[in-house]
Amino acid sequence: MGSFAAPVRPPAMPEAIAQVGDTLISTVEYQAFSEMRIKQIQQQYGPQFPIDRKLRARFLEELINNKLLLMKAQSSGITITPKEVDADIGSILETLPPRMTLQELLQQQRSSLENFRNEIHDKLLLDKYTDSISVDLKVEESAIKALYESWVQQGRTTRTGPTTDFQLILCKIRPEDPGSISTATARIEKAQQRIKDGEDFQDVVLAVSDEPNVSEQKGVYRESRSKILSPTMNEALASLEVGEVSEPFQTPYGINLVKVLARHEANTEIPYATMRDTLEKMLSIQAQQERIKKEIDSLRLIIHIEVFQAPKSTE
């Protein structure tokens, strides 16, 4: 820990807003981080959510905390390979709007490819490090049940409208590329034939689907409400009885096959078995956040931090 001793601060550069150890945080870096956090907040709470000086100061504290954790991660022996960075960039590209290129994304973010790769590297390093310091955390079954019971008392386990459980096979497409559409269609048709030949739907999901939750949730979506699904998906689900499999259909994400697992009426209770995994994940995230906060608090005691200027509101 000796390497984290408070350094002698060099003369503050005009563009620096803060310093963490030997690392300066520039106003440009802070502004980019703030813009990202504002987008996240407004997506969650709406565009009218007030962005004031207090919130901007919190953004700076978050950025400082990230720098502290990154310094510790860099000394932990954890490594990130170029192949891992490439894979993460590939995942990002799959989420871009149709026809948007990586170069256009870099221009939008006012970043170079080198800086972008460095940002991805640091993000992956932080993810690995925070996972490593919380790998021993376990959520007791009694805690999960207690949370469920508290939700029952609050009425949060009562369905407010009809819901559907379904399982999805998705073969991704790039809408602007007819070749990718025909390839995905051929893949889904082969999957459909495997199911017709008697293969279990879930086995085909695991073998074929490009869904991001395949390994963890096996393509299963529970308690889905029509208002959060696309019209095409709603139409496909509405045409099926429980246990039936759809014909192939296209959404903006790809070519799909869907199987209805169950339907639930409004004003009925969601059972513990259905909610258990979601509640466990919530408690796990909470426990990890507490562990990370303790780590940050300990780092703040031994690493020099200085804020040169308070963040200003642009409102």
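## Putting the terms to the test

Q: Which residues does histidine 264 touch, not counting residues up to four places away in sequence?
A: Histidine 264 touches Arg159, Pro162, Thr163, Asp165 and Glu223. Contact here means heavy atoms within 4.5 Å. This is a predicted model, where local features need pLDDT of at least 70, side-chain atom pairs count only at pLDDT 80 or more, and totals for chains, interfaces and linings use all residues. Residues are numbered from 1 along each chain as its sequence is written, and side-chain values use heavy atoms, with hydrogens and water left out.

Q: What makes the link between the side chains of histidine 264 and aspartate 165 a polar contact?
A: The two side chains come to 2.9 Å. A polar contact is a pair of N or O atoms within 3.5 Å; within protein, one must be able to donate a hydrogen and the other to accept it, and residues adjacent in sequence count only if both atoms are side-chain atoms. The 2.9 Å pair meets that limit.

Q: What makes β6, where histidine 264 lies, a strand?
A: Histidine 264 lies in strand β6. Strands (E, at least two residues) and helices (H or I, at least four) are DSSP runs, numbered from the N terminus.

Q: How do you know that glutamate 223 is buried?
A: Its relative accessible area is 16%. Buried means under 20%, exposed over 50%, and partly exposed in between (1.4 Å probe, protein chains only). At 16%, glutamate 223 therefore counts as buried. Glutamate 223 is found in strand β4.

Q: What stands out in the phi of glutamate 223 and of asparagine 267?
A: Most residues other than glycine have a negative phi. Glutamate 223 has a positive one, near 55 degrees. Asparagine 267 is also not a glycine, and has a positive phi of about 65 degrees.

Q: Is asparagine 267 buried or exposed?
A: Exposed, at 65% relative accessibility. Asparagine 267 lies in the loop between β6 and α11 (272-302).

Q: Why is the pair of phenylalanine 166 and tyrosine 221 called stacked?
A: The structure holds 3 aromatic pairs. In this one, the rings lie 5.3 Å centre to centre, with 15 degrees between the planes. Rings of Phe, Tyr and Trp (its six-membered ring) pair if their centres lie within 6.5 Å; planes under 30 degrees apart count as stacked, over 60 as edge-to-face and the rest as tilted.

Q: What makes arginine 156 sit over the ring of tryptophan 151?
A: Arginine 156 lies over the face of tryptophan 151, 3.9 Å from the ring centre. The rule asks for NZ of Lys or CZ of Arg within 6 Å of the ring centre and within 35 degrees of the ring normal. The 3.9 Å is within the distance limit.

Q: How do you know that the buried residues of α8 line one face?
A: In helix α8 (residues 201-208), Phe201, Val204, Val205 and Val208 are buried. Seen down the axis, they fall within an arc of 105 degrees, so they line one face. The arc is that of the directions from the helix axis to the C-beta atoms. Residues three or four places apart point the same way, because an α-helix has 3.6 residues a turn. Cover for these buried residues includes β3, α7 (178-196), α9 (214-217) and β6 (254-264).

Q: Which residue caps the N-terminal end of α8?
A: Aspartate 200 does: a side-chain oxygen lies 3.0 Å from the backbone nitrogen of glutamine 202.

Q: What puts the buried residues of α10 on the same side?
A: Helix α10 (residues 231-238) has Met233, Ala236 and Leu237 as its buried residues. They cover an arc of only 95 degrees around the axis, which puts them on the same side of α10. The face turned away carries the exposed residues Pro231, Glu235 and Ala238. The buried residues pack against β3, β5 (249-251) and β6.

Q: What makes β1 and β2 a pair of strands?
A: β1 and strand β2 (residues 23-26) share 4 bridges in the antiparallel sense. Two strands pair if DSSP finds at least two bridges between them. Valine 20 stands opposite threonine 23 in β2. β1 also joins strand β7 (residues 305-307), antiparallel, by 3 bridges.

Q: Why is β1 described as largely enclosed?
A: 5 of the 5 residues of β1 (residues 16-20) are buried, so the rest of the structure largely encloses the strand.
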